[in-house]
Amino acid sequence: MDFSYTILILLLPVALFFIIGLLGSKMNPKVSGMIGTSGLFIITLLSYVTAFNYFTHRTGEVFQSIEVFQFVWLPFTDRLVIHLGILLDPLSVMMLVVITTVSLMVHIYSLGYMKGEVGFARYYAFLSFFTFSMLGLVVATNIFQMYIFWELVGVSSYLLIGFYYERPSAVAAAKKAFIVTRFADLGFLIGILLLSFYTNTFDFIALTDLNGPAIAQSSGVVFLGMSVTTWAMLLIFMGGAGKSAMFPLHIWLPDAMEGPTPVSALIHAATMVVAGVYLVARLFPIYHFSAPGALEVIAYIGSFTSLFAAVIACTQLDIKRVLAYSTLSQIGYMMVALGVSGYGSEAGLGYMASLFHLFTHAFFKALLFLGAGSVIHAVHSNLMTEMGGLRKHMPITHITFLVACLTISGIPPLSGFFSKDEILVAAFEHHKLIFAVQWIVAGITAFYMFRLYFTIFWNSNPQYNHVPHESPPTMTIPLVILALASVFSGFVPFHDLVTSDGRALITEFHWIVAIPSVLVGMVGISFAAVLYYKKNSKPETVAKGLKAFYTMAYQKFYIDEVYLFVTHKVIFQFISRPIAWFDRHIVDGAMNLIGNTTVFFSGSIKKMQSGQMQEYIWYFTSGVLLLTLLIFYLN
Amino acid sequence: MNPLLFLLIIPLLTIVGIAMVNDLAKVRWVSAIGMSAQLLISFVLLYLFYQQRSSGNTDDMLFVSTATWYESFNIQLKFGVDGISISMILLTSIVTFSGMFVSWQVEFLRKEFFISLIILAGGVFGFFISLDLFTMFLFYEMAVIPMYLLIGIWGSGPKEYSAMKLTLMLMGGSALLLVGLLGIYFNSAPEGGKLTFDLTEIAKVHIPLSAQLFFFPFTFIGFGVLGALFPFHTWSPDGHASAPTAVSMLHAGVLMKLGGYGCFRVAMYLLPEAAHSLAWIFIILTTISVVYGAFGAIWQKDLKYINAYSSVSHCGLVLFALLMMNETATTGAILQMISHGLMTALFFALIGMIYGRTHTRMINEMGGLMKVIPFLSVVYVIAGLASLGLPGLSGFVAEMTIFVGSFQHTDTFHRVATILACSSIVITAVYILRVVGILLLGPIKNNHYLELQDAQWFEKLSGVTLVVSIAIIGMSPFWLSSLIREPLNQMINHLTN
Amino acid sequence: MNLQAEIPLDYMIVLSTIVFFVGLMGVIIRRNLITMLMGIELMLNAVNINFVAFNHYLFPHRLEGHFFALIVMAIAAAEAAIAIALIINIYRQFATVSVDDVDELKY
Amino acid sequence: MTGPKIIFFILSGAIVVFSILSISSRRILRAAIFLLFVLVAMAGLYYMMNFQFLAAVQLILYAGGIVVLIIFSILLTSQIDSKLDLPKKGHLLSGAITAIGGIMLSAMTILQFTFQPARLAPVDTDMRSIGLQLLDTGVHGYALPFEVISILLLAALVGSIFIAQKNKT
């Protein structure tokens, strides 16, 4: 099967970026939007074709990894060479489909949402750039190519969060997002350096080869009680945790909601933030065979993040922030699934479940964000306290939002049920405590999602400045498409397609897990219904009852403040400022001291050069006399 | 005729041309034509170089020509280039070319300004093509001296102080350097015979270890001062802050590279054993440079100071990589020199243009420039992204090559140093984004800024030249990397054996 | 008149030495340009005494010292003329002839 | 004590005393007059040594020309009744030490050395032989120095006029 056309999937978006970016200011904004959207439509078609061809042409039982092409980009040493190329395997093909689909929806949606904004062309250029970077990331043939696109994704995220660059809060959020992920990428980079040094390759196929240098000939070097491979994998996970906003590197994601809402849907819900999951999945064999310790860490961090974020989500008032924390929580699920997974056939259930959840989550989370965008578009506010009773004004948004909420709550037979259920099964088989946590989180998820849903669409009807109206079709069509995807994507035979070792795996339905998880979801929903269906004082009562805890959660457990303290107080005030002072006064002072000493001494010697002839005459004559005395009388 | 000589003849002709032209408006055209010719010659040189190589010429140095200059001390005018020098020449001509256009609007003593600028550039070209230590030193001084006039006369702020400081510190450095060079000279024939300044000849003899150990610090620090080695870097913030735009560009973009180039070509290449045994001291110093410069940049308020400290950090990385003494890291160091040369020149050019409009360099007083001068702001963002190592721009290529290269050492000392140096990429991101955030984004702080004009054609030309160069290196680094790597194999062998 | 018998050459030369150093001291201690000029005249004259005395005592068959003294006088005249022109000019510029007050070009 | 000796001591005494007075007097006009006395006494000394022409030139040129010039310039630049500043103590001391030390050193050197007086017959020093030698271009002729010095004088005069003239354009 010839896949050489896949190069267009990478070349088209970058071409779009340059066309719209360079010529955008000269053309009609609508034209640039249409160019971007239609270009992306072609890309989406191409990825579907690729996916279809790939999944229908398996050789034997196992899906092979295909390196469509690769060329040398930059050689480092004889063996360490950065290639650029395209790698097709079930994982990357699945990601291609997810990214292009969501991206296309967002492109179409933005035609309506961003209409009339200043910098419309710039917006589409950035979107193309992001799509390019994200696609390049998932088809990377080697870890360094991935790092390259990883950074590009970070920058495009920075550009898009800071799209409203005249808003100081947007600028600050963009900066925070970039710097936090950059810090994480430092770990990623060092991890890459370590891993590549001991394995002498960047290539994914060589790295994940079960007989390859990373797994079979794993280095025995031990550093601080852990093998070097474990260190490397932990550091690489740090990079993943940064992008996927795992605790404690999660602080940038809620702030990133300053960007335009479609951007949040695309980048900060469906695609970029799952890059960390993708990274771990990509290197999963190494984690599993050479660094099981790191995998444990991933499971715990994922589990903790999902609980932590879910609790915070219950208290937030900004609807986009609620969704952001919900994203954190869901990515936590994915990480947990990877962390508890084994390798090969049935043991690899967690791996499959994680990616399955990634797949379904992309659709329903994008749907939630786009729905929220639609609401914000109508109400011109992000705060749920200023909303209510919108079901009458915006029927399509209402229905699709409800579908998404049901999906994320794990109500059968929507897609979220299947993927979440498999994660819970994997956790149940591996570690009971983690299972328990995830089970509770499922309940909390249902609660806060329906809290959001009821407050927006039911509850009391506040005074609107102007009557909210349904969004234009460019916005509602993507909503409907995504709603359909959320409903039906659960029936995709995922276990046949994307598995840890490329072989199909047989999943059984575990009633013992499924029933309690549905039940806890129901409980969460009904709890939310009681509190938020009509306006009443019960929420305040509950909040008062849990006063300290509520405040802590509302303040996001003060993690931001800790970071602010570390960066502003410690790094800026106690490192940077003294260094600046030290440099100006000590180092430069030393140099000036040398100069000043010279000036001082020359100043005192200068007096001899008085400019008065008589003194010179005197020096001259007494010198002559002294010389005479010395030469003729004293030798 | 040796094509290298054109690199010296063209600046000379340009100077004569400028001196003869009386109309001040034509002066800049004459210099622009001269520097364009220089740029062209550099590319022709690159072409000829490839041609020679493909026709099977495997000499270390190409286009070698020798003329005895002073018989009794065996001083020669010896020119020749290899891949490294060619790439440095390309860098120099690109930066000079755009520097010329940045100074398009210099009004005060325009003729003299351009003449000094071209003398400076000529000195740099001469330095890079020289193979004789004495000639090298001569051209080095020729490049440093006009700097004093350029800063002292056309500078801003406390220009006399800065010019004096810069010149004195560099002169102090070159005093050390002279001691080192003479030390090498007088040990260049340990078994008797004729003493020589010839670089390639000296490389063949084995200088006694005691002499190496004694003279290596002199030579290394001598060049290191120019390469902003901690703690001899303090001329850089003051000097850059006072210098006129084009001079900052040339100085940070090219002249500081003389330091790194000299450290490698002279200090380490000629004194390899001393380089090995003393490397640890300088690795510590350069690691400090890298981190310290980056932290120092965070707290600055003046755009030029920020950039000067960032230069300290980046140039520290150059020396750091050189001291790793393996092929990859050294390739990275040269790449970093070129990359930093281009992007810092771009930075200074932009700062100059912004200063020319807002008449302040304090970031706190500016804001929201993206809205009023979008071209300059976008280019500034690109330069910033290059500086913080965005893939696709040159900084990434250089930094990654350095890090991978320096990671090839397995001992803890090198590892720790490397990881510390790596951490600078985060700090760089912090200060770059801080500046971008305050300066370009956000609301407009001063209503006068609403009337600012965006870039004029010559500013666009100079900015685009640099951006395109940065992007070309960043997107297809292979050719440059292989060009640099080509002579390194032999040189690194010489260093390690 | 036979001076050589009466007065030894040493007397003459010691006399000229005394006059020379007195003139030198005048140049050193005085701050007035004119007095300094007078000190210089004294020194020139002391030299003249030497020329003449050596001519008379040691080389009476030639007149070299004599002519040299003549030339010195001519130069002294020229020097005095120029010095006084300068002094007058300085006085016009600075309204003083004291060297302490004329330090425009100092440092 | 013979006549010439007495005259010599009188003359040399006058020279020393008046020269010291001329540099130590605080009235500048007086200093000039003392200088005049020194110069006149010196002319006497030349006369004693049989150089009548030189003595005459000394009188005419120095006493008649330079001193007058100096007096004119004094009158142009100074108040008649103003006194010169007292020299600074440091200057006075250092000057005196140098002068006395110099005199002692030189005198010591001179007195240790014994001169060998010439036994040759002296030449005539009348106007005629002087004039002939001045214009002679032969071995002992001084035509060249004479011309050079006259050019120098001319140049000095032109120069001093140029320097001292009032309005330079």
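Me: Let's start with helix 6 of chain D. How many residues does it have, and how far does it reach?
Reply: Helix 6 of chain D runs over residues 143-164, so to speak of its length, it has 22 residues and reaches 31 Å from its first C-alpha to its last. That is close to the 32 Å expected at 1.5 Å a residue. Keep in mind that this is a predicted model.

Me: Which residues of that helix are buried?
Reply: In helix 6 of chain D, the buried residues are D:Ile149, D:Ala156 and D:Ser160. They cover an arc of only 25° around the axis, which puts them on the same side of the helix.

Me: Why do residues a few places apart point the same way in a helix?
Reply: An α-helix has 3.6 residues a turn, so residues three or four places apart point the same way.

Me: And what does the face turned away from the buried side of helix 6 of chain D carry?
Reply: Exposed residues, including D:Leu144, D:Glu147, D:Ser150, D:Ile151 and D:Phe162.

Me: What covers the buried residues of helix 6 of chain D?
Reply: The cover includes helix 4 (64-94) of chain C.

Me: Which chains share the most contacts?
Reply: Chains C and D do, of the four pairs of chains in contact.

Me: What about chains A and C? How many residues does the contact take from each?
Reply: Seven residues come from chain A and six residues from chain C. The chain A side that touches chain C has three nonpolar residues, four polar and no charged.

Me: How far apart are chain B and chain C?
Reply: Their closest C-alpha atoms lie 18 Å apart, and no contact joins the two chains. Chain B and chain D do not touch either. The nearest C-alpha atoms of chains B and D are 30 Å apart.

Me: Back to chain D. What is buried in helix 4?
Reply: D:Ser94, D:Gly95, D:Thr98, D:Ala99 and D:Gly102 are buried there. What covers them includes helix 25 (613-633) of chain A together with helix 2 of chain C.

Me: And what should helix 4 of chain D span?
Reply: Its 24 residues, 89-112, should span 34 Å at 1.5 Å a residue. The end C-alpha atoms are 34 Å apart, which agrees.

Me: Switching to strands. In what sense do strand 1 and strand 2 of chain B pair?
Reply: Strand 1 (residues 62-70) and strand 2 (residues 75-81) of chain B pair in the antiparallel sense, over six bridges. B:Tyr70 has B:Ile75 as its bridge partner in strand 2. The two strands of chain B form a hairpin with four residues between them. In the turn, B:Asn74 has a positive phi of about 60°.

Me: Last topic, cores. Which residues touch the most other members of the largest nonpolar core?
Reply: A:Ala366 and B:Leu350, in a core of 418 residues. Helix 15 (residues 349-379) of chain A gives the most to this core, with 20 residues.

Me: What is A:Ala366 in contact with?
Reply: Leaving aside neighbours within four places in sequence, its contacts include A:Val102, A:Met105, A:Ala265 and A:Leu482. There is also a second, separate core of 74 residues, which includes C:Ile13, C:Met43, C:Phe67 and C:Ala74.

Methods. Residues numbered from 1 in each chain as written. Chains lettered and ligands numbered in written order. Predicted model: local features only at pLDDT ≥ 70, side-chain atom pairs only at ≥ 80, totals over all residues. Expected span 1.5 Å × (residues − 1). Buried ≥ 20, exposed ≤ 12 C-beta atoms within 10 Å, placed from the backbone. Arc of directions from axis to C-beta. Pairing = 2+ DSSP bridges. Nonpolar A, V, L, I, M, F, W, Y, C, P; charged D, E, K, R; others polar. Core = buried A, V, L, I, M, F, W, Y, C linked by C-beta atoms within 7 Å.
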